[in-house]
Amino acid sequence: MSRSASILTKEDLGWHFTQQWQSFGGEVRSVILRAILISTFCSVQLFNYFMFTKGTDTDIAFHRNDTFLCVGWSPISLAMLVALRRQFFPTWLKYCTSSCDLLLLTLTTALDIGPTSPLILCFGMLIAMSALQANLPLVLFVTIAACLHYVGLDTLFNKTWFYADHATP
């Protein structure tokens, strides 16, 4: 009889539980890292706003939009923390939170100067956060989605793709 996905041997079952606990622990670390990154980004943004901006309408609008995104990003981390504390951890949840992280980072970068923004480096942080969960399909999903989000940003800000002075960080 061939092995199917529904029939697990004792060794397979043990490995399955070990993999689930590794993924659970990685998600806990990701939640903590996400909260640290959001609070750091918001703190740096507030420091820049109060110390270095001139108070123009553009500065005020950018600060307001960035603050709304940070305030919107925080409940995702909080909801994930509550779900983990109650041991609610379905497979789709890590994909959902990673997608929300990618979308909100792309929106934040789009509010800034686009694909030449230093915030682009945070896409690498999101890939590293997905690697903490020891789940190869999740890492591939986040990597491909991060590349697509970057291409979307580049398309949004650069109408011509291939020319001699195309600046890419």
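Ala, Val, Leu, Ile, Met, Phe, Trp, Tyr, Cys and Pro count as nonpolar, Asp, Glu, Lys and Arg as charged, and the others, Gly among them, as polar. The model is predicted: local features need pLDDT of at least 70, side-chain atom pairs count only at pLDDT 80 or more, and totals for chains, interfaces and linings use all residues. Residues are numbered from 1 along each chain as its sequence is written, and side-chain values use heavy atoms, without hydrogens and water.

**View A. The second largest pocket.** Its volume is about 230 Å³ (space filled by probe spheres set on grid points joined across faces, edges and corners). A pocket is an open set of points on a 1 Å grid over the protein atoms alone, where a 1.4 Å probe fits, with protein on both sides within 12 Å along at least five of seven lines; lining residues have an atom within 4 Å of a point. The lining divides into five nonpolar, four polar and three charged residues. Among them are Phe41, Tyr49, His63 and Asp112. Helix 1 gives the most, with five residues (helices are DSSP runs of H or I, at least four residues, numbered from the N terminus).

**View B. The largest pocket.** About 300 Å³ of space lies here. Fifteen residues line the pocket; Leu37, Ile38, Phe41, Trp73 and Cys122 lie nearest its centre. Eleven are nonpolar, two polar and two charged. Helix 1 again leads, with six residues.

**View C. Leucine 46.** This residue lies in helix 1 (residues 10-52). Leucine 46 is partly exposed, with a relative accessible area of 34% (partly exposed falls between buried, under 20%, and exposed, over 50%; 1.4 Å probe, protein chains only).

Note on methods:
Helices (H or I, at least four residues) and strands (E, at least two) are DSSP runs, numbered from the N terminus.
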